[in-house]
Amino acid sequence: MEIIIEPHTIIRIKERGATEEEVIETLENGNDIIGKYGRLGKENVFLFNRLHGKKYYEEKKLEVYYIVKDERIVTVTVYVFFGKFKL
């Protein structure tokens, strides 16, 4: 299925410390989650092992929310969390 990354999502990618490649990887291979208002979502954890701000984090978790429109995945937004996660 084709993936469309909306401009709003691109802004959030830059603000929150993700990459477009991570968003695509999450949509293609992440675990299913449900968001507000019944939106579909995927989550994925990436090794990070570096500083973010002034604190060191082992991992970074992305949550990507999207809709399916005309047989395409259209992103709504992305959230990024830093820490140690178990999925």
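Thr75 touches Ile4, Ile5, Glu6, Thr9, Val23, Leu27, Val64, Tyr65 and Tyr66, leaving aside residues up to four places away in sequence; contact here means heavy atoms within 4.5 Å. The model is a predicted one, in which local features need pLDDT of at least 70 and side-chain atom pairs count only at pLDDT 80 or more, while totals for chains, interfaces and linings use all residues. Residues are numbered from 1 along each chain as its sequence is written, and side-chain values use heavy atoms, with hydrogens and water left out.

Thr75 sits in strand β5 (residues 72-83); strands are DSSP runs of E of at least two residues, numbered from the N terminus. Thr75 counts as buried, with 3% relative accessibility, since buried means under 20% relative accessible area, exposed over 50%, and partly exposed in between (1.4 Å probe, protein chains only). The Thr75 side chain also makes a polar contact with the side chain of Thr9, at 2.8 Å. Such a contact is a pair of N or O atoms within 3.5 Å; within protein, one must be able to donate a hydrogen and the other to accept it, and residues adjacent in sequence count only if both atoms are side-chain atoms.

Next come the pairings, where two strands pair if DSSP finds at least two bridges between them. Strands β2 (residues 31-34) and β3 (residues 40-52) run antiparallel and are joined by four bridges, with Ile33 partnered by Gly41 of β3. Eleven bridges then link β3 to β4, again antiparallel, and here Val45 has Lys61 of β4 as its bridge partner. The hairpin of β3 and β4 has two residues between the strands, and Gly53 in the turn shows a positive phi of about 70 degrees.

What about backbone angles in the loops? Most residues other than glycine have a negative phi. Tyr37, though not a glycine, has a positive phi of about 60 degrees. Tyr37 lies in the loop between β2 and β3, a hairpin with five residues between the strands, and is exposed, with a relative accessible area of 79%. Glu71 is another residue other than glycine with a positive phi, near 60 degrees. Glu71 belongs to the loop between β4 and β5 and counts as exposed at 67% relative accessibility.

Back in the strands, Val68 is in β4 (residues 55-69) and is partly exposed, with a relative accessible area of 45%.
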